[in-house]
2 protein chains.
Amino acid sequence: MASRSRTNPLALAVLALLWERPMHPYEMSMTLRERRKDESVRLNFGSLYSVVDSLVKHGLIEAASTEREGNRPTRTVYRITDAGATEAIDWLTDLVRTPAKEFPQFEAALSFLPLLGPDDVVRLLRLRQTSLERQVAGLESGLVDARAMGLPAIFSLESEYEVTIVRAELGFVTALATSIADGSFEGVDLWRDLHRRASTHGRLDPDELAEALAPYLSPPQ
Amino acid sequence: MASRSRTNPLALAVLALLWERPMHPYEMSMTLRERRKDESVRLNFGSLYSVVDSLVKHGLIEAASTEREGNRPTRTVYRITDAGATEAIDWLTDLVRTPAKEFPQFEAALSFLPLLGPDDVVRLLRLRQTSLERQVAGLESGLVDARAMGLPAIFSLESEYEVTIVRAELGFVTALATSIADGSFEGVDLWRDLHRRASTHGRLDPDELAEALAPYLSPPQ
DNA sequence: CGAGATATATTCTGAATCGAGCATTCGAAC
DNA sequence: GTTCGAATGCTCGATTCAGAATATATCTCG
């Protein structure tokens, strides 16, 4: 059995669901939505069906039956195999034990931030700040609701985590915006200069950028 | 010109590099590595060449020349177009202004954590904690080095961000591990029960899991 | 001076992804 | 009674990705 690449966490979600009981793919997707797991695992129909096929091919799940109701398309109900149960535990163990390298979009944006001018950046960061505040509020109220309905904390850990991370980002964004705005951010004058000259002829000049960058091009070690 | 989907930030990296000066793809990849941008943008050769092709197809960059040195494969040098420059700024603006929905692997893992028993989880979280501590230390020393070499803060913002986030995760993981270990985590007894019975017959029983879950299956709103 | 490691530079291929589309059924409102 | 929209359930194809494969040049070290 060629070992599967553990790229798409949706496959883990499928294994976790089938652990509970056999289901057909559409039911999986609806269950994930009901339980709000589609907030923590990227879910879309196309991927779901190919992930299921791949799991079947690798013997981690198997068709339990195919049924049809009326004239609807035939549904295939799948169940987890022993190999699948083992794989789920192994994969989950690995995910908890070992931090994976992630590439958040905002980190990429920060990498290329000098392309924008400091004043624009402050404006944009303030807007981001507002979004993040709303996001925190939403997550918190979701958590309060869940507690109010008696859902044990173990079933909404992912939201606790998310709110922790979003709060941290919010702190970062706020501090950054403030320090650029009040001029305490180191090198902001140099950065502003570059863009002030740029704005006279439309946009940041490649040569000026290159010149400004030149001293820093060698790797920092 | 059909509008490109802004999925792969590597495309933004290409635009940012070509903003400075024309380059061929291999040079782009080497430059990204030198500047440690490969830590914030997923970089691999296969993707780079297809991203470049796609940018050409959409008129955001164009071939400036093709040259060959000795008997090496011909290199195609690309430059940015006006449309590309505009796109870079627009895209970057958008990334800074609007938080993107991300799906970190750890969040997925937390979603399915009940599959593991509380004692296993504590053990794994302690291991993760150690990794994260090492990661924080590495990032911090990198930042110290960069400052020591006179690199302005604007060029290593992405590391500042990363260390902020990793520290937040570390706090979360530490607190979670501790609260499960000392029993203060809400519902840990129920969770432990489920797995104690499970361990007598090898693994978590589907029916017992389903039964335990039953009261919580309806959506929390 | 020859062998192997490393750097240069791209291409290929199979797999994964994702959004859109298709086809049916059911319920509610008009 | 019929139309319209939501729900059910899956398929398809275009794009994108990752990583291996390819091919040559240059460096290094005994």
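**Where the chains meet**

Start by showing chain A and chain B together: between them, 16 residue pairs are in polar contact, both residues at pLDDT 80 or more. (A polar contact is a pair of N or O atoms within 3.5 Å; within protein, one must be able to donate a hydrogen and the other to accept it, and residues adjacent in sequence count only if both atoms are side-chain atoms.) This is a predicted model, where local features need pLDDT of at least 70 and side-chain atom pairs pLDDT 80 or more, while totals for chains, interfaces and linings use all residues. Residues are numbered from 1 along each chain as its sequence is written, chains are lettered from A in the order in which they are written, and side-chain values use heavy atoms, with hydrogens and water left out.

Next, select the whole contact (heavy atoms within 4.5 Å): 83 residues come from chain A and 83 residues from chain B.

Now zoom in on Arg147(A) and Glu186(B), whose side chains form a salt bridge at 3.9 Å, N to O. The chains share 4 salt bridges, each a side-chain nitrogen of Lys or Arg within 4 Å of a carboxyl oxygen of Asp or Glu.

Then pick helix 7 (157-181) of chain A, one of the helices supplying at least two residues to the side that touches chain B. Helix 7 of chain A gives the largest share of that side, 11 residues.

Notes. Helices (H or I, at least four residues) and strands (E, at least two) are DSSP runs, numbered from the N terminus.
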